[in-house]
Amino acid sequence: MTMSCDLNWGFPEGDDFHPATKFKTADEYFTKLNRLLSDREHYNECLTIQNNLVNKYFTKDSLSTYILTSIKSI
């Protein structure tokens with residue numbers, strides 16, 4: 001889970017963390033966490049999306065490219 005922020009993860013349009021894993025307030029965090037803990041199907045749906053993002057974008061090559069591109073833009 002992550003707090004909603006303006007951080008650009010660099011994902012193309014359509015790829016993003018599941019909305020049920022993002023929160024803005026402590027109350028929203030606990031509400032969403034409780035749903036994830038109590039609803040196995042919902043948890044698995046969110047986990048699948050998270051795993052797909054990690055496998056797709058958080059590889060050595062993709063992270064290296066992202067870092068090098070970011071450095072060059074400074």
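Which helix gives the most to the nonpolar patch? The points below take up this question together with the rest of the fold.

1. This is a predicted model, in which local features need pLDDT of at least 70 and side-chain atom pairs count only at pLDDT 80 or more, while totals for chains, interfaces and linings use all residues. Residues are numbered from 1 along each chain as its sequence is written, and side-chain values use heavy atoms, with hydrogens and water left out.

2. The chain has three helices and two strands, and from the N terminus on these elements run β-β-α-α-α. Here helices (H or I, at least four residues) and strands (E, at least two) are DSSP runs, numbered from the N terminus.

3. The radius of gyration of the chain is 15 Å, whereas a compact globule of 74 residues would have a value near 11 Å; this radius is taken over C-alpha atoms, and the globule rule is 2.2 Å times the number of residues to the power 0.38. Along its principal axes the C-alpha trace spans about 45 × 25 × 20 Å. Buried residues make up 18% of the 74 residues, where buried means under 20% relative accessible area, exposed over 50%, and partly exposed in between (1.4 Å probe, protein chains only).

4. Helix 3 (residues 60–72) answers the opening question, as it gives five residues to the nonpolar patch, the most of any element. The patch lies on the surface and is formed by Leu7, Trp9, Val54, Phe58, Leu63, Tyr66, Ile67, Leu68 and Ile71, which together have about 820 Å² of accessible area. Of these, leucine 7 lies in the loop between strand 1 (2–3) and strand 2 (22–23). Patches are made of residues with over 30% relative accessible area and no salt bridge, with like charges joined within 9 Å and nonpolar side chains (Val, Leu, Ile, Met, Phe, Trp, Tyr) within 5 Å; accessible areas come from the Shrake-Rupley method with a 1.4 Å probe, and for residues only the protein chains shown count as cover.

5. A search of the whole structure finds five aromatic pairs. One of them joins phenylalanine 11 and phenylalanine 17, whose ring centres are 5.5 Å apart and whose planes stand at 70 degrees, so the pair is edge-to-face. Rings of Phe, Tyr and Trp (its six-membered ring) pair if their centres lie within 6.5 Å, and planes under 30 degrees apart count as stacked, over 60 as edge-to-face and the rest as tilted. Phenylalanine 11 is buried at 14% relative accessible area, and phenylalanine 17 is buried at 13%. Phe11, Phe17, Tyr57 and Phe58 form one aromatic cluster.

6. The structure holds four salt bridges, each being a side-chain nitrogen of Lys or Arg within 4 Å of a carboxyl oxygen of Asp or Glu. In one of them lysine 56 meets aspartate 15, with the closest N and O atoms 2.9 Å apart. Lysine 56 lies in helix 2 and aspartate 15 in the loop between strand 1 and strand 2, so this pair ties together parts that are 41 residues apart in sequence. Another joins glutamate 28 and lysine 32 (3.3 Å, N to O), both in helix 1 and four residues apart, about one turn of the helix.

7. Histidine 42 lies in helix 2 (residues 40–57) and is buried, with a relative accessible area of 7%. Not counting residues up to four places away in sequence, histidine 42 touches His18, Ala20, Arg35 and Leu36, contact meaning heavy atoms within 4.5 Å.
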